[in-house]
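Subject: Structure handover, salt bridges

Hello,

Here is the structure for you to look over. My notes on its charged pairs follow below.

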Amino acid sequence: VQLQASGGGLVQAGGSLKLSCAASGRTFGDYEMGWFRQAPGKEREFVAAISRSGIRIYYADSVKGRFTISRDNAKNTVYLQMNNLKPEDTAVYFCAATAREDVTGLKRTYDYNYNYWGQGTLVTVSS
């Protein structure tokens, strides 16, 4: 599967952005999907994940209550709605996919369980 992330940009603190990740190739509903981010000088970290059906959803504590992950399997797209953005949310955001059947529960929150990655989209939040 090929992933194309978009929607990043420059926004003031308190503002909102919606990221999209369009998938092409194999059936989108076969994949667990995740969003990760990497800030300058820091390691990549988990942001949010959503199961194939969209029923199971996980968030990093740092984004709970502010970010919402969703997917539209008919449009082969996963979204990340980001509200009340903070300067510490500044990072390159990556979408990721895995078709592995054993990636369930909290395994969805670990980047090494994903084997397909988009190119990343930069989110910059100014104070």
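First, a cut-off: a residue is called buried when its relative accessible area is under 20%, exposed when over 50%, and partly exposed in between. Please keep in mind that this is a predicted model.

The structure contains nine salt bridges. Three of them are described here, including one between E32 and R108.

E32 and R108
The N to O distance in this salt bridge is 2.5 Å. The pair ties together distant parts of the chain, 76 residues apart. E32 lies in strand β4 (residues 32-38), while R108 sits in the loop between β9 (91-98) and β10 (116-117). Both E32 and R108 are buried.

R52 and E101
In the salt bridge of R52 with E101, the closest N and O atoms are 4.0 Å apart. This pair also links distant parts of the chain, 49 residues apart. E101 is in the loop between β9 and β10. R52 is in the loop between β5 (45-50) and β6 (57-59). Is R52 buried or exposed? R52 has 17% relative accessibility, so it counts as buried. E101 has 64%, so E101 counts as exposed. Salt bridges with shared partners join E32, R52, E101 and R108 into one network.

R37 and E45
R37 pairs with E45 in a salt bridge, with 2.6 Å between the closest N and O atoms. R37 counts as buried because its relative accessibility is 5%. E45 is at 36%, so E45 counts as partly exposed.

Best wishes

Terms used: Residues numbered from 1 in each chain as written. Predicted model: local features only at pLDDT ≥ 70, side-chain atom pairs only at ≥ 80, totals over all residues. Heavy atoms only, no water. Salt bridge = Lys/Arg side-chain N within 4 Å of Asp/Glu carboxyl O. Helix = DSSP H or I, 4+ residues; strand = E, 2+ residues; numbered from the N terminus. Buried < 20%, exposed > 50% of the residue type's maximum accessible area, 1.4 Å probe, protein only.
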